[in-house]
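Dear colleague,

I would be grateful if you kept it open while reading the notes that come after it.

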Amino acid sequence: MEGTAKADYAKCVDISTTAAIRRMIIPGLLAIVAPVFFGFMNKEALGGLLAGVTVSGVLLAIFMANAGGAWDNAKKFIEGGNHGGKGSDAHKAAVVGDTVGDPFKDTAGPSLNILIKLMSVVALVIAPFIK
């Protein structure tokens, strides 16, 4: 409590990782269960689901990659001396934007590709059982 102890970074990472994995169970199951549900309900509904997931997923991934890159570049632009440079209000705002932008371009956008592929593969696996 005095601030003299060495930080336990591994414990912090472990807590964050455990919480993140626990909270991703339901969305992960949804990506698997939705094609199965719609496939056995109606094969045309499954086609619509896959088309909607593909179109909206690609558009959202492109948006996230571009927005994340723009926020990152804005911070670099300001750090180059524009709009007051480092320490200015613009720089503080750009740092906040970059905090959102980095996960957008590095994790959230690319993970949509995995979601699209997972739902398509699940649909292909159940295809022989759909009448």
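The model is predicted, so local features require pLDDT of at least 70 and side-chain atom pairs count only at pLDDT 80 or more, while totals for chains, interfaces and linings use all residues. Residues are numbered from 1 along each chain as its sequence is written, and side-chain values use heavy atoms, with hydrogens and water left out.

Helices here are DSSP runs (H or I, at least four residues), numbered from the N terminus. Axes are lines fitted to C-alpha atoms, for helices over the stretch in contact, and angles run from 0 to 180 degrees between N-to-C directions.

The axes of α3 and α4 come within 7 Å and cross at roughly 160°. The two helices α3 and α4 are therefore roughly antiparallel to each other (angles under 35 degrees count as roughly parallel, over 145 as roughly antiparallel, 65 to 115 as roughly perpendicular and the rest as oblique). The crossing of α3 and α4 is left-handed (the near helix is turned anticlockwise from the far one by less than a right angle; clockwise is right-handed). Their contact (heavy atoms within 4.5 Å) comprises 24 nonpolar, nine polar and six charged residues. In this count, Ala, Val, Leu, Ile, Met, Phe, Trp, Tyr, Cys and Pro are nonpolar, Asp, Glu, Lys and Arg are charged, and the others, Gly among them, are polar.

For α2 and α4, the axes come within 9 Å and cross at roughly 40°, which makes α2 oblique to α4. This crossing is right-handed. Residues of α2 including Ala-31, Ile-32 and Val-36 meet residues of α4, among them Leu-115, Met-119 and Ile-126. By class, that contact has 11 nonpolar, one polar and no charged residues.

The helix α2 also passes α3 in a right-handed crossing, where Ala-34, Pro-35, Phe-38, Gly-39 and Met-41 of α2 meet Lys-43, Ala-45, Leu-46 and Leu-49 of α3.

Which elements give two or more residues to the lining of the largest pocket? A pocket is an open set of points on a 1 Å grid over the protein atoms alone, where a 1.4 Å probe fits, with protein on both sides within 12 Å along at least five of seven lines; lining residues have an atom within 4 Å of a point. The lining comprises Met-24, Pro-27, Gly-28, Ala-31, Ser-111, Leu-112, Ile-114, Leu-115 and Leu-118. The elements in question are α2 (25-41) and α4 (89-126), and α4 supplies the largest share, five residues. Seven lining residues are nonpolar, two are polar and none is charged.

Yours sincerely
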